[in-house]
Amino acid sequence: MLGVEPVVGDSFQTNVVRTNKYSIITFLPLNLMVQFTKMANCYFLFIVILEWIVIGTADAMVSLFPLLFVVGVSMIKDIIEDHSRFKADQEENDRNSHLNYLGQTRFSDCQARDIKIGCFVKVYNDENFPGDLILLNSSLPKGISYVETKGLDGETNLKMKLARGEVLNLAENDQQLFKNFTNARITCDMPNSNLYKF
């Protein structure tokens, strides 16, 4: 529903994509916790502690090396995977987007990380959508748009999306968009996991 007041604020989450699990500070404690949720690692740690404390043999250090090797290799693998996620996140966050902040009179090139609630975003043909967007109009007749959702649900077929009929005439070009939606308010669902209903 269109109202009269723009909702822009820092109380909402940013558009920054972050899928990596660890930071430099949290890697060691969190990864060790993950490593010792595996029963095999817990078993071998238990054997090492048993040999070292209860039995008191010098062979306890020898049995520690296989455990350290397995945990170390797993940690290196996790570092490489997490770094790959971090690089993919940076690439997504640095992707070029065309934004108009409220009060501006034109679209300007920015990064996807700069999108905030209430920004107008212009998406050209074959560009990725830089966030959750509400379709106001399209270059196709009647506000039709075709969207590929492979990144969300794995399906590569195009899905047809329609702009609301009430707003099509209000957003036929950039000047109309800026004039008619400067004081707009959209009331909608809070973020949820439902991909097919809005």
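**Close-up views of a predicted model**

**View 1. The largest nonpolar core.** Nine residues make up the largest nonpolar core: F107, F120, L136, V167, A171, L177, F178, F181 and A184. Such a core is a set of buried Ala, Val, Leu, Ile, Met, Phe, Trp, Tyr and Cys residues joined through side-chain atoms within 4.5 Å. Buried means under 20% relative accessible area, exposed over 50%, and partly exposed in between (1.4 Å probe, protein chains only). F107 is in contact with H98, L99, N100, F120, V121, K122, D174, L177 and F178, leaving aside neighbours within four places in sequence. Contact means heavy atoms within 4.5 Å. The model is predicted: local features need pLDDT of at least 70, side-chain atom pairs count only at pLDDT 80 or more, and totals for chains, interfaces and linings use all residues. Residues are numbered from 1 along each chain as its sequence is written, and side-chain values use heavy atoms, with hydrogens and water left out.

View 2. Helix α1 spans residues 27–35, and its residues F27, N31 and Q35 are buried. They cover an arc of only 55 degrees around the axis, which puts them on the same side of α1. The arc is that of the directions from the helix axis to the C-beta atoms. P29 and M33 are exposed, on the face of α1 turned away from its buried side. Helices (H or I, at least four residues) and strands (E, at least two) are DSSP runs, numbered from the N terminus.

**View 3. Q35 and N41.** Q35 lies in helix α1 and is buried, at 0% relative accessible area. Beyond residues up to four places away in sequence, Q35 touches N41, V71, S74, M75 and D78. N41 belongs to helix α2. N41 is also buried, with a relative accessible area of 6%. Its contacts, leaving aside neighbours within four places in sequence, are Q35, F36, L67, V70 and V71.

**View 4. L32 on helix α1.** L32 has its place in helix α1. The residue is partly exposed, with a relative accessible area of 32%. L32 is in contact with F27, V71 and M75, leaving aside its neighbours within four places in sequence. The C-alpha atoms of L32 and I79 are separated by 12 Å, and these residues are 47 residues apart along the chain.

**View 5. A nonpolar surface patch.** L45, F46, I49, L50, W52, I53, V54 and I55 make a nonpolar surface patch of about 820 Å². Patches are made of residues with over 30% relative accessible area and no salt bridge; like charges are joined within 9 Å, nonpolar side chains (Val, Leu, Ile, Met, Phe, Trp, Tyr) within 5 Å. A salt bridge is a side-chain nitrogen of Lys or Arg within 4 Å of a carboxyl oxygen of Asp or Glu. Accessible areas come from the Shrake-Rupley method with a 1.4 Å probe; for residues, only the protein chains shown count as cover. L50 lies in helix α2, residues 39–55. L50 is partly exposed, at 31%.

View 6. D126 is found in the loop between β3 (120–122) and β4 (144–148). Phi of D126 is near 70 degrees, a positive value in a residue other than glycine. D126 is exposed, with a relative accessible area of 75%. K142 is found in the loop between β3 and β4. K142 has a positive phi of about 60 degrees, although it is not a glycine. At 69% relative accessibility, K142 counts as exposed.
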